Amino acid sequence: MAVLLLLLASALPLAAAYLCCVRRHTGSAGAVLRRREPGRAEAGARSGPRDAWAPRLCGSGLRLFVHVANTAFGQICLLPFLMRLNNFSLMRSLDIHEDPTFIPEVAAEDTEDKSEAKSTLDIVKQLTDARSDSASNGFSFKGIKDYLDCYRSGKLTPSQVAKNIIAMLEDCDKSTPPLRAIVQWDQEQIMLMAEASTARYRNKCTLSYLDGIPVCLKEEFKVVPYHHRVGTVFLGTEPETEDATVAKKLREAGAIIIGVSNMHELGTGTTGCNPNRYHRIPRNPYKPNHFTGGSSSGSAAAVAAGLCPVAIGTDGGGSVRIPASFCGVVGLKGTFGRISCHGSLPLSYSTVSVGPICTSVADAAIVYSILAEPDPLYPYGLKQPKATLSDMCAPDLKGLKLGVDWTFFKACDAEVLSICEKAVEHLQSLGASVVEVSLPEMEEVQVAHAICILSEMRDFLQPDFNKHFQEMNLETRATLAMASQFTALDYITANRQRTRSMTFLREIFTTVNCILTPAVASTAPRIYESDLLTGSSNLSFTIRSMRFMQLGNFTGVPGLVVPVGYSTAGLPIGFQVMAKWWDEAVLLRIGLKLEQFRNQTKKPSIYYDILA
């Protein structure tokens with residue numbers, strides 16, 4: 001036995017020396033790379049996307065994991081093991097020859113202007129004249145039209161509405177648990193904008209359909225005079241002196257900016273869990289012990305709770321559409337570059353789009369029509385086609401072809417699937433035809449999107465990761481530690497995959513007008529007591545919640561999420577429509593019809609009727 005131990009003791013250093021100093025580490029002659037034929041999807045039987053494996057971590061377990069993940073052992077042994085376990089090393093086994101696409105910017109198609117088509121202004125007027133929810137159907141969210149009716153009739157003024165909002169914001173902060181939707185607001189600023197709007201209504205010189213409409217913006221945007229904290233405790237130490245482009249455009253439209261909304265720290269998660277002292281965890285208005293979704297968590301919560309009918313968020317991995325789905329409201333992610341990101345923190349320059357979260361599809365269309373245009377201060381979308389709402393108010397969906405990849409579509413909870421299948425049947429009943437399509441290489445899309453967004457965030461946040469590591473939430477430290485695993489080779493291969501995926505979508509959109517999926521594979525998860533103190537990390541849920549979102553962010557196509565029902569527990573369920581680049585109009589047209597499917601809107605547990 002002693003001899004065996006002696007041999008083992010002498011062999012271990014030799015083995016270590018061989019592995020460290022002799023054996024080649026940069027590759028292997030025996031490695032097999034799977035070649036991808038340019039422009040041709042991989043053949044073979046397809047199965048639904050698989051769920052990731054990772055334990056849900058919180059409290060002491062999360063602290064220990066974060067510490068280890070950022071050590072040499074974590075970076076060399078633990079995280080590579082977790083990445084292989086969840087197939088994050090997939091790109092390293094592929095041989096892709098397409099040139100990489102680092103920015104998913106697509107040239108607009110040449111289309112002939114229809115002289116007989118209604119102007120966008122005419123369609124917006126039609127939307128505000130129509131009533132989407134009948135009062136006889138019970139509860140309905142108060143939208144832009146409701147505010148305009150009050151102002152035009154003289155029932156209320158923007159100043160009176162602003163006073164109501166201020167009272168409600170004070171109540172939000174004192175309630176148990178606090179809503180934590182709006183994390184920074186200023187009474188004087190709100191009243192200044194409201195009084196100016198009141199004067200315009202009195203003098204009959206309003207600026208737009210958003211004049212006097214309460215809105216909030218995600219804390220990721222610069223908004224005067226608030227701190228640009230981006231969900232952290234260490235950024236935005238001084239009040240902002242310059243507005244982001246979207247904030248500026250909202251002011252020019254006469255909107256009342258009621259404050260900046262909560263968000264997942266640095267946009268690094270999809271729950272909205274942010275336990276730091278400036279933010280705390282926002283509550284889902286439908287069930288306050290459940291998450292809102294993220295990262296535009298406070299924006300969705302503010303709209304669902306009635307504080308404002310319009311909020312602005314950013315979407316790099318579903319960050320507008322996931323919280324909209326979880327909170328039972330409408331979320332629109334425009335085509336990449338459609339709405340300017342200037343003045344938001346450029347966390348991920350190739351995946352993020354700006355979009356509105358609203359009470360209705362009509363409201364989303366109104367906001368979209370005002371915000372969507374080129375911005376000389378933002379390098380993408382400068383050659384975009386004019387934003388239109390053509391055919392949005394068509395009486396039916398005749399002539400539209402709706403693409404569904406049923407294998408992918410069914411990769412969700414049974415309750416979600418049941419309602420979303422019925423929503424597809426509803427669209428068919430309105431004259432649309434459903435065409436079965438195949439979305440190829442979706443596992444590659446999932447991994448490649450994660451590589452792109454995490455690599456870009458890790459690059460941008462390098463100075464803060466060094467300087468403010470201890471001030472970051474534990475989950476953020478864990479996410480950025482994992483992002484440190486990706487190499488330049490991973491990033492380039494991921495962008496080669498982006499070229500392939502965009503090519504496949506171009507082909508699909510020659511046969512269908514849009515692609516249908518559930519919004520999120522599940523409903524909003526529960527908030528646990530430990531989340532309030534240390535936050536939590538749940539990689540499995542994060543990946544699953546982004547399942548239907550990543551294709552839009554990775555390729556830049558627009559997506560619209562519309563609430564279509566509720567689970568047996570009373571949590572909202574959403575449905576997603578994606579269209580080809582720059583064709584937001586067809587999304588909004590289908591979205592209007594989807595709203596008719598849900599014959600009843602349930603009132604959230606937390607709801608403030610500002611117009612009462």
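# A quick tour of the predicted model

The side chains of lysine 249 and glutamate 373 meet in a salt bridge, 2.4 Å from N to O; a salt bridge here is a side-chain nitrogen of Lys or Arg within 4 Å of a carboxyl oxygen of Asp or Glu. That pair links distant parts of the chain, 124 residues apart, with lysine 249 in helix α8 (residues 245-252) and glutamate 373 in the loop between α11 and β10. Keep in mind that this is a predicted model: local features need pLDDT of at least 70, side-chain atom pairs count only at pLDDT 80 or more, and totals for chains, interfaces and linings use all residues. Residues are numbered from 1 along each chain as its sequence is written, and side-chain values use heavy atoms, with hydrogens and water left out.

**Salt bridges**

- The structure holds 24 salt bridges.
- In the opening pair, lysine 249 is buried, with a relative accessible area of 14%, while glutamate 373 is partly exposed at 39%. Buried means under 20% relative accessible area, exposed means over 50%, and partly exposed is in between (1.4 Å probe, protein chains only).
- Aspartate 490 and arginine 92 also meet through their side chains in a salt bridge, at 2.7 Å from N to O. Aspartate 490 sits in helix α17 (residues 488-508) and arginine 92 in the loop between α3 (72-85) and β3 (94-96), so to speak 398 residues apart. In that pair, aspartate 490 counts as buried at 3% relative accessibility, and arginine 92 is partly exposed at 43%.
- Lysine 142 and aspartate 609 form a salt bridge of 3.5 Å, N to O. Lysine 142 lies in the loop between α4 and α5 and aspartate 609 in the segment after α21, so the pair ties together parts that are 467 residues apart in sequence. Lysine 142 has a relative accessible area of 26% and aspartate 609 has 28%.
- A network of salt bridges links Arg36, Glu42, Glu98, Glu441, Glu444 and Arg500.

**The sheet**

- Eleven strands make up an open sheet with mixed pairing, in the order β4-β6-β5-β7-β9-β8-β14-β15-β12-β10-β11. Strands are DSSP runs of E with at least two residues, helices are runs of H or I with at least four residues, and both are numbered from the N terminus. Two strands pair if DSSP finds at least two bridges between them.
- β4 (182-184) and β11 (433-436) are the edge strands, each pairing on one side only.
- From one strand to the next, the twist averages 35°. For angles, axes are lines fitted to C-alpha atoms (for helices over the stretch in contact), and angles run from 0 to 180 degrees between N-to-C directions.
- β5 and strand β6 (residues 256-261) run parallel, joined by four bridges.
- Helix α21 (residues 584-597) lies across β8, β10 (401-404), β12 (514-518), β14 (559-566) and β15 (572-579), at about 5° to β14.

- Strand β9 (residues 353-358) is mostly covered, with six of its six residues buried.
- In a regular strand the side chains alternate between the two faces of the sheet. In β9 both faces are covered: Ser353, Gly355 and Ile357 are buried on one side, and Val354, Pro356 and Cys358 on the other.
- β7 and β9 pair in the antiparallel sense over six bridges, and threonine 314 has valine 354 of β9 as its bridge partner.
- β9 is also joined to strand β8 (residues 330-333) by two bridges, and these two run antiparallel. Glycine 331 stands opposite isoleucine 357 in β9.

**The enclosed helix α5**

- Seven of the ten residues of α5 (residues 144-153) are buried, so this helix is largely enclosed by the rest of the structure.
- Those buried residues are Ile144, Lys145, Asp146, Tyr147, Leu148, Cys150 and Tyr151.
- They pack against α4 (120-129), α6 (158-174), α7 (187-202), β5 (214-218), β7 (310-315) and α11 (361-371).
- After α5 comes glycine 154, with a positive phi near 85°.

**Inside the core**

- In soluble globular proteins, nonpolar side chains tend to be buried together.
- The largest nonpolar core has 175 residues, and Leu210, Leu307 and Phe575 touch the most other members. A nonpolar core is a set of buried Ala, Val, Leu, Ile, Met, Phe, Trp, Tyr and Cys residues joined through side-chain atoms within 4.5 Å.
- Helix α14 (residues 442-460) gives the most to this core, with ten residues.
- Setting aside neighbours within four places in sequence, leucine 307 is in contact with residues including Ile165, Met168, Leu169, Pro214, Ile258 and Tyr608. Contact means heavy atoms within 4.5 Å.

**Phenylalanine 554**

- Phenylalanine 554 lies in helix α20 (residues 550-555) and counts as buried at 0% relative accessibility.
- Not counting residues up to four places away in sequence, phenylalanine 554 touches Pro104, Val445, Ala448, His449, Cys452, Ala494, Gln497, Arg498 and Ser501.
- Phenylalanine 554 and alanine 494 are 60 residues apart in sequence and 9.8 Å apart in space, C-alpha to C-alpha.
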